[in-house]
Each structure stands twice: as C-alpha cells, then as structure tokens.
Amino acid sequence: MTELLFSPAFTLWGTDTSWLELIAVLLAFAMIVCNIVELHWGWPLAAISSVLYFFLFWSQRLYGEALLQVVFIVLALWGWSVWMRGVEGAPLPVTRMPVDQRFTLAWMGTLLWLATGGVLQNFTDSDVPWWDAFPSAFSLVGQYLLAYKRLENWVVWIAVNIVAAGLFAWKGLWLTTLLYLVFIALSAVGWRTWAKHIKLEAA
C-alpha cells in the first residue's frame with residue numbers, strides 16, 4: 001500500500017507527483033472550502049490530509065512540517081469539537097481579536113519559530129531549518145484562531161501560505177506548491193467572507 005501511495009500519479013514540470021501528494025492536496029482543498037463556508041466537516045478532512053502529509057513531508061526531510069501534521073491531527077479533532085459545541089447551543093460566531101491579543105500571539109508565534117528552527121538546525125539533517133520552522137510555528141497560531149473563528153486567522157494563513165509555497169517549490173513538490181498558491185487566494189476570500197458575517201451579525 002505504501003509503495004502504491006508513493007508511486008507517481010503524473011509528472012508535473014519534470015517532477016513526479018505521487019498519489020499520496022495528490023490525495024492530500026484534494027483533501028486539503030476541500031478542507032479550506034469547508035472552513036470558508038463554516039462547515040464543520042473541514043476538520044476531519046484536515047485530520048486525514050495531515051496524516052498523508054506527515055509521510056510526504058518526512059520523506060522530503062521537512063521534519064518541522066511533518067511533526068506539525070501530528071499536532072494538526074490533534075488540533076483538528078479539538079477544533080471540530082469546538083465548532084460542534086458552539087456557544088450555548090448556537091453556532092460559534094465569527095469575531096475579531098482584541099488588539100492586545102494580536103500582539104501576544106505574534107510574540108508567541110515568533111518565539112515558537114525561533115525554538116523550532118533551533119531544534120531543526122541542531123538535531124536534524126534538515127537543509128532548510130528556519131524556512132521549515134516558520135510555517136510550522138505560525139500554522140499553530142492560525143489553527144488556534146480558526147478553531148475559535150477569529151477573523152484574523154486568515155491573515156496568519158496568508159503569511160504562512162506564502163512562505164510555505166516557496167518552501168515546497170524549493171523541494172519540487174509542485175502540486176502542493178500550486179495548492180498553497182490557491183490557499184493564498186482562498187484565504188483572502190475567507191477574510192472577506194467572514195468579515196461580511198461579522199457585519200451581518202452586528203446589524
């Protein structure tokens with residue numbers, strides 16, 4: 001089964017794209033669409049996609065991204081429960097973060113980036129430790145904000161996806177690179193859609 005998943009599904013720009021990457025990309029695309037329309041099924045799709053991406057990233061020596069997928073699986077199950085539980089029986093509303101919380105999370109993300117990069121540089125054979133560490137660290141911030149339907153999660157994802165797209169292009173994971181370029185556009189759509197929801201709920 002593993003051999004089949006890592007076998008080429010097609011060739012893109014001279015590089016083989018495995019069935020594993022193809023399936024993970026399709027699931028991840030469906031996940032973000034569900035997130036934009038606030039459909040809770042995006043969370044289990046995220047968990048399954050993360051399992052596949054763990055094996056893909058590990059095979060590419062992207063250890064930060066690979067281990068992040070393990071955390072994503074746990075966070076996906078937690079986020080799913082938060083969305084399903086809602087607030088007093090009602091769906092969880094989309095809200096903005098207080099300014100002080102934005103600065104706090106920015107510092108926490110930066111410290112996590114430095115810590116993750118240091119570990120990858122000193123304890124693994126990663127050839128892109130700091131580059132790998134940035135999306136790994138700030139994706140956790142994005143997942144936290146997404147779970148609580150904070151509008152600012154989309155800004156974090158835009159930054160993460162820009163850096164990650166460059167990283168995956170460097171590694172020749174072209175289908176995943178294209179996915180993350182689409183993610184940048186979808187994150188902008190997510191921001192506008194959720195911002196409209198806030199205005200409607202406030203009206």
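Trainee: Which residues lie nearest the centre of the largest cavity?
Mentor: Rolling a probe the size of a water molecule over the atoms shows where empty space is left. Here, 26 residues line the largest cavity, and Met-31, Phe-72, Trp-157, Tyr-180 and Phe-183 lie nearest its centre. On a 1 Å grid over the protein atoms alone, a cavity is a set of points where a 1.4 Å probe fits but cannot get out, while a pocket is an open set with protein on both sides within 12 Å along at least five of seven lines; lining residues have an atom within 4 Å of a point. Please remember that this is a predicted model, where local features need pLDDT of at least 70, side-chain atom pairs count only at pLDDT 80 or more, and totals for chains, interfaces and linings use all residues. Residues are numbered from 1 along each chain as its sequence is written, and side-chain values use heavy atoms, leaving out hydrogens and water.

Trainee: How do the lining residues of the largest cavity divide by class?
Mentor: There are 17 nonpolar, eight polar and one charged. Ala, Val, Leu, Ile, Met, Phe, Trp, Tyr, Cys and Pro count as nonpolar, Asp, Glu, Lys and Arg as charged, and the others, Gly among them, as polar.

Trainee: What is the volume of the largest pocket?
Mentor: About 190 Å³. Of its 13 lining residues, Arg-102, Ala-106, Val-141, Leu-145 and Val-156 are the closest to its centre. The lining has 11 nonpolar, no polar and two charged residues.

Trainee: And how do I read a helix pair?
Mentor: Two packed helices are described by the angle between their axes and the distance between the axes. The axes of α2 (residues 19-36) and α3 (residues 42-59) come within 8 Å and cross at roughly 150 degrees. That makes α2 roughly antiparallel to α3 (angles over 145 degrees count as such, on a scale from 0 to 180 degrees between N-to-C directions, with axes fitted to C-alpha atoms over the stretch in contact). By class, their contact has 16 nonpolar, three polar and one charged residues.

Notes: Helix = DSSP H or I, 4+ residues; strand = E, 2+ residues; numbered from the N terminus. Parallel < 35°, antiparallel > 145°, perpendicular 65-115°, else oblique. Points joined across faces, edges and corners; volume = space filled by probe spheres on them.
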